[in-house]
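Below are my notes on the model, as numbered points.

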Amino acid sequence: MGAGVMGQCGITSSKTVLVFLNLIFWAAAGILCYVGAYVFITYDDYDHFFEDVYTLIPAVVIIAVGTLLFIIGLIGCCATIRESRCGLATFVIILLLVFITEVVVVVLGYIYRAKVEDEVDHSIQKVYDAYSGTNPDAATRAIDYVQRQLRCCGSHNYSDWENTKWFKETKNNSVPLSCCKATSTNCTGSLTHPMDLYSEGCEALVVKKLQEIMMYVIWAALAFAAIQLLGMLCACVVLCRRSRDPAYELLITGGTYA
């Protein structure tokens with residue numbers, strides 16, 4: 001009888017943890033969807049510097065996983081409360097599939113993170129060459145946005161502007177106003193006053209920013225993969241003990257020991 005009570009206590013403890021984990025799954029679903037959306041929004045700001053749209057695959061997958069976690073949490077809660085063996089088994093299988101998917105996201109994240117530097121190096125000069133200085137132009141908006149946000153100027157430094165088509169056409173020996181430091185109130189972009197301009201180049205900062213975004217995806221996937229692994233273990237404990245512990249089966253069916 002003592003062993004049966006101890007077994008039941010173990011099952012109850014596992015079930016409590018499992019219900020708690022299901023609540024975490026719902027919170028995780030929201031966080032994963034937020035991370036995926038953040039990647040999409042940020043990519044939209046830097047897409048001119050990164051031509052490989054397949055980089056968004058990890059973000060797409062992580063949003064899909066986040067949506068699926070809402071459903072998983074519902075299945076897990078219902079299966080745990082109703083003590084359904086079939087429901088718990090389904091819960092474990094789905095969790096396993098999602099766990100594998102998140103491992104794939106981590107691998108893809110590392111692959112595309114390694115490609116960022118080459119992609120930016122390949123495309124950034126094209127964007128600077130396409131700069132026209134007119135606001136409706138996409139390349140112009142992209143360059144001005146990046147230079148203001150990242151506080152940089154030119155690919156490697158402000159002198160890179162001297163090799164652009166825009167600089168040669170304007171012939172005023174100045175760079176775009178987006179190169180001006182926020183603290184320089186009277187800055188006109190003139191190269192005769194380099195102290196008013198950002199000295200750091202944009203290429204390295206764009207690479208760093210995009211790699212940081214990939215790391216957000218990787219760490220989010222790793223963190224929630226660990227939570228899902230714990231969820232699978234708890235569900236397996238409940239399933240195994242329900243199958244093997246006669247005291248638990250009698251309790252569920254309303255029977256008693258002879």
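1. Rings of Phe, Tyr and Trp (its six-membered ring) pair if their centres lie within 6.5 Å; planes under 30 degrees apart count as stacked, over 60 as edge-to-face and the rest as tilted. By this rule the model has five aromatic pairs. Y131 and W161 make an edge-to-face pair, with 5.0 Å from centre to centre and 75° between the planes. Y131 sits in the loop between α3 (85-129) and α4 (138-150) and W161 in the loop between α4 and α5, so the pair ties together parts 30 residues apart in sequence.

2. This is a predicted model: local features need pLDDT of at least 70, side-chain atom pairs count only at pLDDT 80 or more, and totals for chains, interfaces and linings use all residues. Residues are numbered from 1 along each chain as its sequence is written, and side-chain values use heavy atoms, leaving out hydrogens and water.

3. Y131 is buried (under 20% relative accessible area; exposed is over 50%, partly exposed in between; 1.4 Å probe, protein chains only), at 7% relative accessibility. W161 is buried too, at 1%. The rings of Y131 and W166 are also edge-to-face, with centres 5.4 Å apart and planes at 85°. Y128, Y131, W161 and W166 form one aromatic cluster.

4. The protein chain has seven helices and zero strands, counted as DSSP runs (helices H or I, at least four residues; strands E, at least two) numbered from the N terminus.

5. Mean pLDDT (the predictor's confidence in each residue, from 0 to 100) is 77 for the protein chain, and 78% of its residues reach 70 or more. Helix α7 (residues 246-253) has the lowest confidence, at a mean of 44, and helix α5 (residues 165-170) the highest, at 89. Where pLDDT is low, the predicted coordinates should not be read in detail.
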